[in-house]
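Subject: Structure for you to look through

Dear colleague,

I am passing on a structure for you to look through, with some notes on what turned up in it. Please keep it open while you read, so that you can find each place as it is named.

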Amino acid sequence: MAQRNRQNTLPVAPIHTPTTRSASASVFSPSNSLQQRRATQTNFGKSPISLSDDEKGIHFDYNVFVMTWQDQIKMRQFNKCEKYCREVIEKLLVAETQRTQQTQSTLSARATAYQFPDDDVHTLLEYRSKVHFSLAYLLKKYFKRFDEARNQYEESIKTDKENPGAHFNLANMLVDVFKDFTTAEYHFKRAIELEPSYALYRMTYAEFLWHDCHRHDDSAAQYEQLVQYYDTYSGSDEHVHPNEDIYFNYGLLLRDHLHDIPNALRQFERVLQLNADDKEATEEYAYTLQQQQQQKKIQKEQKEQDELEDTVSISLKQQYKQNLKSSKNSKNSFRRSQHEIVLPNFDRLVSNDTSDVGMAAIVVETTEVDTEAMWRKKYNLLLDERNKLNKLLKLQEKKQKVVQTQLTKMKQFMEEKSNKTLLRREMNLMVKNGPSYVARNTKKAHKIMRVCKSILSQLDVVYKNDGQQNGNLNLANSNVDDEVD
């Protein structure tokens, strides 16, 4: 299966230079134009902020900012790039604050109930949102300072709620780093709402539902919307190009989790139509065809089994009543095998049976069903074998239990006697000092031999393992309780 690859959106300079709007001339408070121009300059890169030609407002050139940002990243000047972003944010904040104060002062003088922000301030907010976005990407990607990156993404969204890239990147980080799936799903949905035609957002959301939430049906619904979008616009819009990875992943989801093999085959076929040299798609397509053949084989076997069950179940209720008296010896074994194997739905067929014996007690006349004798013989043989195996297993368990009990008690006996009679010390002394010592201590030697004899007797029981022992060692009655002097 192809590995999942979660992507983030990058800050990219627009193809065409965006139209810039001017803020008031007094956005930067210095009194003369030279001081005002100096206030717009940045120390860590080319400033995207400049005064307008008439010096009555400011311009923000997003192209300048993005190109400077990208150049510093390529040169791996990460610290300088961070300072550059923060410096631009600070200057935009100053411009926003002063412009807002001017707008409020003007509205108060006019006594106008104006409910929306000034266009200039709104434009500055949008640009600052993009700078927060770029700083967040830098902190996450290159510094791994995830908490700070999250704050910058949230600030980007707070500044411009209609920034889909910020929602999307924040959602990815919430999944991969913070494991906050609930909040991540909200931001995925918000990004898709803001830019529904951007396939990357919906595709990543589908992968999130699939791999992280295991909501396969919801994931399939997202893939289906992507497929419908491509089917609708790929022929009429030259900018819409089908993504073969979408069809490939959708095929895997359909086959492996939703078990919709025909639809999965169609998705792999679409991949091969787009790229006939795709080796992975070719392999998955061949494997899915094999799965389809196996599925058809299983369905065929199941159909034959169902037909056989239907044949055997003809007039079961009536035949059971007729044969109950004459088939008492075979009733139990055949009833169980018939109930468990041949007729799994028998409770539905004879649900109205009020017999005291029960609905599962079935006997089918051999004269009515040609295959009944054969099935009965096979079922009885299987049942006999199963009973034999169960008996052997129980016997083995009983033997093991006896052996374990004997060994445990023998160990306890050895420990008790060793502590009480100093058995081990006396045996060591006899071995060390030789026959003369044994001859002088014949009474102790005799007691030790009695203990050893009891132990050997119990070992004989263990090795015989005939299953006839009850686990009682009777060592307590071996008359060896006398203390060795």
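A search of the whole structure finds 20 aromatic pairs, where rings of Phe, Tyr and Trp (its six-membered ring) are paired if their centres lie within 6.5 Å, and planes under 30 degrees apart count as stacked, over 60 as edge-to-face and the rest as tilted. One of these pairs is Y223 with Y250, which is stacked, at 5.5 Å centre to centre and 15° between the planes. Y223 belongs to helix α9 (residues 216-233) and Y250 to helix α10 (residues 244-256), so the pair ties together parts that are 27 residues apart in sequence; helices (H or I, at least four residues) and strands (E, at least two) are DSSP runs, numbered from the N terminus. Both Y223 and Y250 are buried, where buried means under 20% relative accessible area, exposed means over 50%, and partly exposed is in between (1.4 Å probe, protein chains only).

Before going on, please note that this is a predicted model, in which local features need pLDDT of at least 70 and side-chain atom pairs count only at pLDDT 80 or more, while totals for chains, interfaces and linings use all residues. Residues are numbered from 1 along each chain as its sequence is written, and side-chain values use heavy atoms, with hydrogens and water left out.

Helix α9 holds another pair, for Y229 and Y233 both lie in it, four residues apart, about one turn of the helix. Their rings form a tilted aromatic pair, with 5.1 Å centre to centre and 45° between the planes. Y229 counts as partly exposed at 22% relative accessibility, and Y233 is also partly exposed, at 39%. Q225 has its place in helix α9 too, and is partly exposed at 39% relative accessibility. Although Q225 and A199 are 26 residues apart in sequence, they are 9.9 Å apart in space, C-alpha to C-alpha.

How many residues does helix α8 have? Helix α8 (residues 199-212) has 14, and it reaches 19 Å from its first C-alpha to its last, close to the 20 Å expected at 1.5 Å a residue, the expected span being 1.5 Å times one less than the number of residues. Of the 14 residues of α8, 13 are buried, so the helix is largely enclosed by the rest of the structure. Just after α8, H214 takes a positive phi of about 55°. Ring pairs also link F168, F181, F188, Y198, Y201, Y205 and F208 into a cluster.

In two places a charge sits over a ring, which requires NZ of Lys or CZ of Arg within 6 Å of the ring centre and within 35 degrees of the ring normal. K130 lies over the face of Y62, at 5.3 Å from the ring centre, and the charged end of R150 sits over the ring of F178, 4.8 Å from its centre.

For the protein chain as a whole, there are 19 helices and two strands, and buried residues make up 40% of its 485 residues. Its mean pLDDT (the predictor's confidence in each residue, from 0 to 100) is 75, and 66% of the residues reach 70 or more. Over residues 324-370 pLDDT stays under 50, and the model has 77 contacts for them beyond four places in sequence, a contact being heavy atoms within 4.5 Å. Where pLDDT is low, the predicted coordinates should not be read in detail.

With best wishes
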